[in-house]
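Here are my notes for a colleague opening this entry for the first time. Please keep the structure in view while reading the points below.

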Amino acid sequence: MRNASNNEIKLLRKLARKKYREKEQRFVVEGERAVEQVLENGLVEVETVFVVEGKAVSDEWSAFSASIEADVLDEVADTENPQGILAVCKMPDEISANELREKSGIIVATDAIQDPGNMGTILRTAAWFGAKALIAGKGSVDVYHPKVVRSTAGATGSIPVISGELEEIFTELEANGWQILLLDGGAKSVNLRSVQPAEKTIIVVGNEGNGISESLLHSDRTKVRIESAPGQDKVESLNAAIAVSIALWGLQ
């Protein structure tokens, strides 16, 4: 196995920051099981697997593996106790709104979801239920943030992603028959159980603290609530990722 070059180590340091991930169109997958999963599923292109000195790797990895000193890996890793392995992968191309217009099924959209664990779980769950894409609205955490990637449990790249201003994307998709369901427990929302999903349906989940932006609450868009048990008054709301999971299951 060859040694990691200085340029590769510099790149690893840079990829901790979003602006460099976007510039280089690369991201890091950390942890032995996560690296195994991205290699097995083949959804993203793995460029290099970096392995701490002395750690054995399988023969099939050796062609694109590089040895890295333990203290350097500790420095570039996002976790406090790294498992001695990480990989640099190429970002898949984003899907365009124009491409989404012609699809059908369910799309998940995030309005300023900021918790990496929530975003990773939303991505993983959307893939599980066969969502056609994820729309990451402005203010949402980067889907290639290291914590998001770990939270997907190897599902990064399993569904197409588009990022941008939700209103602009929604306007284009609505003009092509997409129905928008806003997960919102406020006034005039309807019970999820009563909703008949259209052939083209977008589920929108809002920010963990503030919910869905007022600018997205148009009168021609349906606000949907997930009912709690009768008499339940101890819990104010559901976790964002859990709400998406229930909505995806309920609309199958």
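1. Start at leucine 181. Its bridge partner in S12 is threonine 222. Keep in mind that this is a predicted model.

2. Now widen the view to the strands around that pair. Strand S9 covers residues 179-183, and strand S12 covers residues 222-225. The two run parallel and are joined by three bridges.

3. S12 also pairs with strand S10, residues 190-191. The sense is again parallel, over two bridges. Look for valine 190 here: its bridge partner in S12 is valine 224.

4. Which residues form the positive patch? They are Lys10, Lys14, Arg17, Lys19 and Lys23. Helix H1 (6-14) supplies at least two residues of this patch, and so does helix H2 (18-24).

5. Take lysine 23 as an example from the positive patch. This lysine 23 sits in helix H2. Its relative accessible area is 61%, so lysine 23 is exposed; the cut-off for that word is over 50%.

6. There is a negative surface patch too. Glu53, Glu69, Asp71 and Asp74 gather there. Where is glutamate 69 found? Glutamate 69 lies in the loop between strand S4 (65-68) and helix H5 (70-76).

7. Is glutamate 69 buried or partly exposed? Glutamate 69 counts as partly exposed because its relative accessibility is 42%. A patch residue needs over 30% relative accessible area.

How values were computed: Residues are numbered from 1 along each chain as its sequence is written. This is a predicted model: local features need pLDDT of at least 70, side-chain atom pairs count only at pLDDT 80 or more; totals for chains, interfaces and linings use all residues. Side-chain values use heavy atoms; hydrogens and water are left out. Patches are made of residues with over 30% relative accessible area and no salt bridge: like charges are joined within 9 Å, nonpolar side chains (Val, Leu, Ile, Met, Phe, Trp, Tyr) within 5 Å. Accessible areas come from the Shrake-Rupley method with a 1.4 Å probe; for residues, only the protein chains shown count as cover. A salt bridge is a side-chain nitrogen of Lys or Arg within 4 Å of a carboxyl oxygen of Asp or Glu. Lys and Arg count as positive and Asp and Glu as negative; His and the chain ends are not counted. The place of a charge is taken as NZ of Lys, CZ of Arg, CG of Asp or CD of Glu. Helices (H or I, at least four residues) and strands (E, at least two) are DSSP runs, numbered from the N terminus. Buried means under 20% relative accessible area, exposed over 50%, partly exposed in between (1.4 Å probe, protein chains only). Two strands pair if DSSP finds at least two bridges between them.
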